[in-house]
Amino acid sequence: MNTTIIGYPRIGNLRELKFASEMYFRGEITAADLEKTAREIRSYNLELQKKSGLDLIPSNDFSFYDGVLDTAFLLNAVPGRYTSLGLSKLDTYFAAARGYQGEKGDVKALAMKKWYNTNYHYMVPEIDDSTEIKLVGTKPFELFAEALESGVRTKPVIIGAYTFLKLARYKGNKKAADFISQTAAAYSEILKKLCGLGAEWVQFDEPSLVMDMSSEDTELFKALYEKILSDKGGVKVIAQTYFGDVRDCYNELCGLGFDGIGLDFTEGKKSLELVKKNGFPSGKALFAGVVNGKNIWRNNYATSLLTLTELAKHTEDIVINTSCSLLHVPCTLANETKLEERCKKHFAYAEEKLTELEELKRITASQCPAETEEYRRNLALHSEPRTGGNEVVRAKVASLTDKDFVRLPAFAEREKIQKARFNLPLFPTTTIGSFPQTAEVKSARKSNRRGALSNSDYEFFIEKKIAECIALQENIGLDVLVHGEFERNDMVEYFGECLDGYIFTEKAWVQSYGTRCVKPPVIWGDISRARPMTVKWSVYAQSLTDKPVKGMLTGPVTILNWSFPREDITLKESALQIALAIREEVLDLEANGISIIQVDEAALREKLPLRRSDWREDYLDWAIPAFRYVHSGVKAETQIHTHMCYSEFADIIKDIDDMDADVITFEASRSDLTILDVLKENNFRTEVGPGVYDIHSPRVPSKEEIKSAISKMRERIPAEKLWINPDCGLKTRGNEETVPSLTNLVEAAKEARNENC
Ligand SMILES: CN1c2c(nc(N)[nH]c2=O)NC[C@@H]1CNc1ccc(C(=O)N[C@@H](CCC(=O)N[C@@H](CCC(=O)N[C@@H](CCC(=O)O)C(=O)O)C(=O)O)C(=O)O)cc1
Ligand SMILES: N[C@@H](CCS)C(=O)O
Ligand SMILES: [Zn+2]
């Protein structure tokens, strides 16, 4: 059996691409400097994969921002508002990714959405009636040629035609089906060009095939590939799926002219069953995703071997693969200098997963796989008992009953009590929590970690930042304040560091979007709250002002979803353990005089199963109760907020209402406020603050722009339920953007208030 991977992380072992790109954005380096860093990362990754013995190495998995955006540029699906700015190719690309505000114009970024069930985000291509899809880009060809020059005939990786058309947003009357001919022609041309350059295999990523598919979807998929594959020249094409199984189109997939089919045997609940029941077409290669591309635990060779052995009964041509791109795991364990060996030996990041593939290859090639050294070592590792059990926590979770998940009195009564208590103006203004994590804040934290800044000096520094933040918000005139989250490196990692049962890493960075990375903490054992985590900071902030300051927590589902989870207990069990800990913190904040508490569930939607039939049992039936448990013990007059960003909420809007928060703030501005109609249609009960401007872009929104967003909101949301706030936290912004943006926001809210009188 040969080996391959679907893609490798592109940020660099020490986030070199992030730092170079951000320097480029600040005008500190040239485009050529940035390109040089990019080339170095690609070359390093190529050599590493070559050395690991990987048989088929991907190319074009590199991106300056996002692979879907790259595909839009490749296919000429770029709105005129970016191309007409008259910027360089690279700057036009970044304008679409981040928005542009400068001497050449003022344009918002493309919408950004969660990439299936991951914490990676892609840029949503926009297609209108005048879009002409055709091959205009050169990146896959250049990167193939670059690798070939280094002696590697790579497997170019491109987002597939079906997935591309499914992910695009259609702004005119035309729909995906109207673009079949153009798109197929462009993809055929890509294949011909790659073939001409000497490619043997090309991988088309088609994760949309693991979603529920209507008959129209199947038709679209077939129509595209019947055309594309009818004219592919000598190159072999893989349809690479991931994040689930292809139960709705397995037969169509097998019936089309692909040379390879990539299936996910980690998350694909029915992948093995599909092959066993339907067989696998002869003459095609099965790319078997058995090494988990999303989690950091060492592969269990016994389990993988079992799958591969089963598959071998149906096909001789198996390529051992990862379950998805390694984009979703950190680069290398080599930089984890502080992780205890007893833990580290259970971990495999991207680089170590390459070794796992090589070992699996050796094991499967052996006459007696179970006798091989690699297999035995792996078996011993997986047989070792883990420490970290907490019987008290387990017993508490086991003893929860229905009434623990119900907050009383009911929403309507609480709403009245809270209106009287807070006496806020119409359209109260607030922010989502974080204020700019400036270089000053990051470097103070870094000094503290290194021991150069004492704990007391660091705490003094954080207090100073909180005081500045409260004064700033009072000056601007916001109604409900926040402490600014300066003490946090990240809204999940911070809690991981405070909770027992977690371990955290040093350099395990994973790309979240563009240049932004996260370092997910690892759930090692049972979770419990060792000590108060946020009370000190919230109480200090509240002591500085008469306005309410929101206590700021991350909810259990988000903490779980943005951590590397355990695989030895269920997600539900971990979520409830975390919920116990966060509930203790909520009650502690309340007992210490904090009257409004925000529990962020930014990632609630993220791990919603991709197939509707799995939604309730596999997820919502425990995720919504986990949140409800966190706040069911607070008094009626304590106001509970929650916040969500970067997801489609429409189809779970009733479940979101059922979280029973008093107020929810949503990401909305990058999605053109489409959520508003859904709120209206569903008679949404929770008070709501749909974001009035996009914080992930450096643009400063004008007062008029914010007023226009508020007007749209007022048409659909009862005035007494509407809050005014940005889309998400301000941590990625600078003060120079934050202050004018919030000033405009408060002015716009005031004007709207006056108009309402
Ligand atoms: C809100 N979002 C979040 C998601 N996931 C999370 N886990 N957290 C989130 O907030 N998903 C959806 C959205 C959008 N996604 C993101 C993801 C990441 C960021 C972000 O701002 N990331 C920062 C890193 C944050 C962090 O951990 N900072 C640390 C370390 C800082 C650092 O890099 N230090 C350097 C030196 C820096 C210097 O002084 O120059 C070093 O140690 O070498 C910290 O602050 O201590 C990023 O920069 O990528 C936002 C939204
Ligand atoms: N309170 C967090 C939520 C981000 S989703 C913040 O403001 O950064
Ligand atoms: Zn957010």
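In this predicted model, 23 residues of domain 1 are in contact with 23 residues of domain 2. On the side of domain 1 that touches domain 2, the elements contributing two or more residues are helix H9 (215-230) and strand E11 (236-240). Helix H9 supplies the largest share of that side, 6 residues. By class, this side of domain 1 comprises 14 nonpolar, 3 polar and 6 charged residues.

Attention may now turn to the ligands. Around ligand 1 there are 25 residues, of which Lys-442, Asn-489, Ser-512, Arg-516 and Val-518 come nearest. Two or more residues of this shell are given by each of helix H18 (439-450), strand E16 (510-513) and strand E17 (516-518). Helix H18 gives the most, with 5 residues in the shell around ligand 1. The composition of this shell is 11 nonpolar, 6 polar and 8 charged residues.

Ligand 2 has 13 residues around it, and those that come nearest are Ile-432, Gly-433, Ser-434, Ala-602 and Gly-729. The shell around ligand 2 divides by class into 6 nonpolar, 4 polar and 3 charged residues.

Terms used
Residues numbered from 1 in each chain as written. Chains lettered and ligands numbered in written order. Predicted model: local features only at pLDDT ≥ 70, side-chain atom pairs only at ≥ 80, totals over all residues. Near = placed C-beta within 6 Å. Helix = DSSP H or I, 4+ residues; strand = E, 2+ residues; numbered from the N terminus. Nonpolar A, V, L, I, M, F, W, Y, C, P; charged D, E, K, R; others polar. Contact = placed C-beta atoms within 7 Å.
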